[in-house]
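Dear colleague,

I am handing over the structure below, and my notes on it follow. Please read them alongside the coordinates.

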Amino acid sequence: MKLAAAVALLVLPLVVGTTPSHAQVITSGPRSCPGVALTFDLCPVRKASGFDRELVDFLVRERIPATFFLSGRWIDRHEAHVKELLATPFFEIGTHGHRHDHLPMLEQDRQREEILRPVEMLKTRFNRTATLFRPPFGEYDNLTVEVAKSLGLQFVLWNVVSGDPDPSLSKEQLLDRLTRRARAGSIIVLHANGKGLHTNEVIQSLYRDVLQPRHLSPMTVSDLLRCNQNR
């Protein structure tokens with residue numbers, strides 16, 4: 001994700017147009033659920049590692065469920081990492097567009113291509129069916145929602161922004177933001193492509209010092225949406 005877009009658009013998803021179809025866009029789970037979804041976008045990058053090894057190792061070591069949204073270009077350049085994520089049973093995989101384009105600027109056929117291509121890549125190369133979709137930059141319009149629906153995809157955004165791609169934010173500032181905003185049913189957006197300078201440190205502190213004391217369990221997006229406190 002480009003920095004300017006990250007700062008401008010990760011504060012709130014950008015919606016172009018308003019119709020009842022936006023009710024299909026998921027931003028959180030049920031407040032009755034004692035859990036949060038930690039979600040990590042894997043956007044293509046030029047000046048970062050492309051894969052936050054320390055972060056993923058921490059999640060695996062602590063067996064923390066998480067959902068990763070993979071762009072097609074990221075998949076192309078990180079085949080071994082895709083296999084690693086897919087092989088981790090408490091990780092969940094969704095898609096994040098192919099080129100990380102601004103979808104509302106595209107006509108319907110181009111939007112469909114941008115959304116569908118990484119889904120097809122995961123199926124043909126890795127035999128994995130992806131059913132979750134997150135639009136690049138959090139931008140979408142009516143066409144985006146309808147295309148995702150026609151492809152059988154759940155449209156997943158967030159209601160808590162980490163701000164982790166912003167190099168001007170310290171670990172303490174990021175953690176303070178998440179501490180104030182995370183609550184039962186939250187979907188938190190972060191990055192695992194190396195753009196987050198403090199993502200690993202923040203996740204470790206969030207997990208140990210915020211979520212555990214509040215008795216909030218990390219969950220995948222799908223488990224959060226299915227969650228029932230009385231189950």
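The chain exposes about 10500 Å², of which carbon and sulfur atoms supply 48% (accessible areas by the Shrake-Rupley method with a 1.4 Å probe, where for residues only the protein chains shown count as cover). This is a predicted model, in which local features need pLDDT of at least 70 and side-chain atom pairs count only at pLDDT 80 or more, while totals for chains, interfaces and linings use all residues. Residues are numbered from 1 along each chain as its sequence is written, and side-chain values use heavy atoms, with hydrogens and water left out.

Of the 231 residues, 55% count as buried (under 20% relative accessible area, with exposed meaning over 50% and partly exposed in between, for a 1.4 Å probe and protein chains only). The secondary structure comes to nine helices and eleven strands (DSSP runs numbered from the N terminus, helices being H or I of at least four residues and strands E of at least two).

Strand β5 (residues 91-95) has five of its five residues buried, so it is largely enclosed by the rest of the structure; F91, I93 and T95 point one way from β5, and E92 and G94 the other. Strand β4 (residues 66-70) runs parallel to β5 and is joined to it by five bridges (strands pair if DSSP finds at least two bridges between them), with G94 of β5 as the bridge partner of F69.

In helix α2 (residues 53-62), L55, V56, F58 and L59 are buried, whereas E54 and R61, on the other side, are exposed. After α2 comes R63, whose phi is positive, near 55 degrees.

Best regards
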